[in-house]
Amino acid sequence: MSERETMEYDVVVVGAGPAGLAFAIRLKQLKPDTSVCVIEKSSTIGAQILSGAVIEPQPLDALLPGWRDNPPPICVPAGKDEFWLLSKTGGTRLPVPPGMRNHGNFIVSLGALCAWLAPQAEALGVDVFPGFAAADNIYNEDGSVAGVRIGDMGVAKDGTHKPGYTEGIDIKAKLTVLAEGARGSLTKQLVKRFGLDAGSDPQGYSIGIKELWQLPAGRVTPGKIAHSIGWPADTHTYGGSFLYHLDKDRIALGYISGLDYSDPKYQPWEAFQQWKNHPSVKSLLEGGTILSAGARAIVTGGWQSLPKCEMPGAILIGDTAGLLNVPKIKGTHQALKSGMLAAEHLAASGLDATGFDAKLRGSEVMAELKKVRNVKPGFKKGLWFGLLNAAWETVTAGLSPWTLKNKADWSTLHKLGECEEPKRDYVQRTLPPRDRLAGVYFAATEHDEDQPVHLHVADTDICATRCVEEYDNPCTRFCPAQVYEMVADESQPHGKRLQINSANCVHCKTCDIKDPYEIITWVTPEGGSGPNYQNL
Amino acid sequence: MKILVGYKRVVDYNVRIQVKPDGSGVITDGVKLSANPFDDIALEEALRLREKGVAEEVIVVGIGPADLTAHLRNGLAMGANRAIHVTTADAVQPLTAARIFLKLIEKEQPDLVILGKQAIDDDANQTGQMLAAIWDRPQATFASKVEIADGKATVTREVDAGLEVIEAELPAVITTDLRLNEPRFIKLPDIMKAKSKPIDVIEFGSLGVEANDHLKTTHYAAPAKRSKGVMVKDAAELVAALKQKGLL
């Protein structure tokens, strides 16, 4: 077998999201002679990123002064904020918490924002490579990270090589920057290998499901921002909605469910669709059409869950590190800031990762997270305690002498019959999509069916035996794209076996996070595969 | 031997096409654009002919706005030797495209022009045939196999009745069908190499080609929505329902 081809760079960045692109831009601004490449698994930049998104513009002002004269294609100045506590048929308007006041912010499409940032990085000499998935980390003989290995193309489902087989190359770099977003697959390996989480709580996540709608003319109020809590979530499930009015009669909406939920029967996708059928939302959407839809895990562990963000030869930035601010429901400004901070550190240190973790922890990025560190964990004790606790933490600006602990999301499910199932006061839905498969259609997700399954289940016997008995296969419910199905198979003890419809996968990573036996591993499929989001 | 390949940029086949609310066109902003799949096949075939030693040079041709450069770089990364970019901000109809190609043929003197049988945006399936006519050279359309020897192309065509094998004297126009080949994956190092390959930029106005505006698009509309289905319990109910609709 011939030697694998390699390319060498000073720095390789994994992921062309806000963190990775801000990093690359900043580094080139400071050290134009440094060679930098950014690799991205989606076929075009921005096609696999999904966020609300209302962003704070200050980091963009610092990174690209003058950006306001040449804004990204979707960029609507924030208008009125509303915060609602919903009941099944009505709601109460609550005072808007300070973190959710958006005056001066902008509603954007994060996908469009990244597609707008990438050419600006390229103009500075950054090589941006969409359509190439970083399948593995590679290491030097001394154990330090040496770069990444690009996944092979043209491998058949059974592992044999198809006629167009192209071996992935190795990208070797003095420094590797992981900017994969929440639950990065390479980051996950590195955290384990280097014990990066030894001093932190387990990371926590939520799942956000989003749709972009085109509404009949005159219904939207560009800039209006509405958030809600309450129905359809029961008081022990963390859930809330966002509704952002864009321009051109478009509206972005979504629902976030904490993946620390305990009811094995809970379905995040169904909760989202239920909320859409609340009278106040339904009246807005009826008669409109869906433009695009998708889902993505959100990192919510915050200050106490942040792993060590440096290791020999590599650093973590943005959401793969875990910098999202939960009460603000914003991570983009943190991602941009951490990327710029990393670039500044590396420019000064001669591409040495040492000291980056300390710099990050001493920065305003972490100061912001420290203030709100107890807000999200408070909701474990239910909605009412959570709200009171959030109010206390907000008033005291996080000066409480305690820090609430986080627990791993895979460990929070009750077994069947262990607890009474919450009564779900659900309605008969009338708005599209009818089911998850109809929803996946709007994600325009595409995987060549003849490629190895990119969702590795270590032991499918557990699925057919213990999991049926203990949890009734929650993967068939938590996946927003119906990738996991239990199909009839008489040879199995309970008459069914797991079937993985991996071609439907929208790369949200929920299965990798929530599976109660920790046996599902999400790996990158062939580069360019996956959802093709438009303006999410 | 020199081969000219048409390389059009279209809305990607995975994208769900949406009509603009005012019906003036389809939404293309924020939408993934990529090479017309039949053009990728055309380029692949040209590259294979070069690899077999039949051709020496493969030139990709794109017609479109200034930002088409990135798309042409993909063609160069796949392996084309160089690119020609005819710049115009307007949509180009098949006859105009054929006239542009004729001008480039006069300049480049290729022995073979390979085009996709159609582009997946307008599905016109006309440019190749029109070009052969105004160039007054043979055409071999819907090719599923191409062999070049002794100044002749032996082309297997996909026709309704099956396969038809024809011989065409070069120079000629070949248009590609789906089964001709499977385009290769682009390799990262080749993207880097493509950055230094030449792209000739030619202003459309400088070619002296008359823009063809015989066709005017008046309106775009999405297909009518399928009406809601009805669930029937059993065959008897189905038969009754069909009878009621006068279908049985």
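Tutor: Helices (H or I, at least four residues) and strands (E, at least two) are DSSP runs, numbered from the N terminus. This is a predicted model, in which local features need pLDDT of at least 70 and side-chain atom pairs count only at pLDDT 80 or more, while totals for chains, interfaces and linings use all residues. Residues are numbered from 1 along each chain as its sequence is written, and chains are lettered from A and ligands numbered from 1 in the order in which they are written.

Student: Can you show me one residue? Where is A:Ile329?
Tutor: A:Ile329 sits in the loop between strand 20 (314–316) and helix 7 (332–349) of chain A. It counts as buried because it has 21 C-beta neighbours inside 10 Å.

Student: Which residues is A:Ile329 in contact with, leaving aside neighbours within four places in sequence?
Tutor: Those are A:Gly52 and A:Phe242. Contact here means that the C-beta atoms of two residues, placed from the backbone, lie within 7 Å.

Student: Helix 7 came up there. How does helix 1 of chain A pack with helix 7 of chain A?
Tutor: Their axes are 7 Å apart, at an angle of about 35°. Axes are lines fitted to C-alpha atoms, for helices over the stretch in contact, and angles run from 0 to 180 degrees between N-to-C directions. Helix 1 of chain A passes helix 7 of chain A in a right-handed crossing, where the near helix is turned clockwise from the far one by less than a right angle (anticlockwise is left-handed).

Student: What kinds of residues make that contact between helix 1 and helix 7 of chain A?
Tutor: By class there are 13 nonpolar, four polar and two charged residues. Ala, Val, Leu, Ile, Met, Phe, Trp, Tyr, Cys and Pro count as nonpolar, Asp, Glu, Lys and Arg as charged, and the others, Gly among them, as polar.

Student: And how do helix 1 and helix 3 of chain A cross?
Tutor: The axes of helix 1 (residues 18–30) and helix 3 (residues 110–123) of chain A come within 10 Å and cross at roughly 20°. Helix 1 passes helix 3 of chain A in a left-handed crossing, and their contact has nine nonpolar, one polar and no charged residues.

Student: Switching topic: how many residues does each chain bring to the contact between chain A and chain B?
Tutor: It takes 24 residues from chain A and 17 residues from chain B. Strand 12 of chain A gives the most to the side of chain A that touches chain B, with three residues.

Key. A residue is buried if 20 or more other C-beta atoms lie within 10 Å of its own, exposed if 12 or fewer, and partly exposed in between; C-beta atoms are placed from the backbone.
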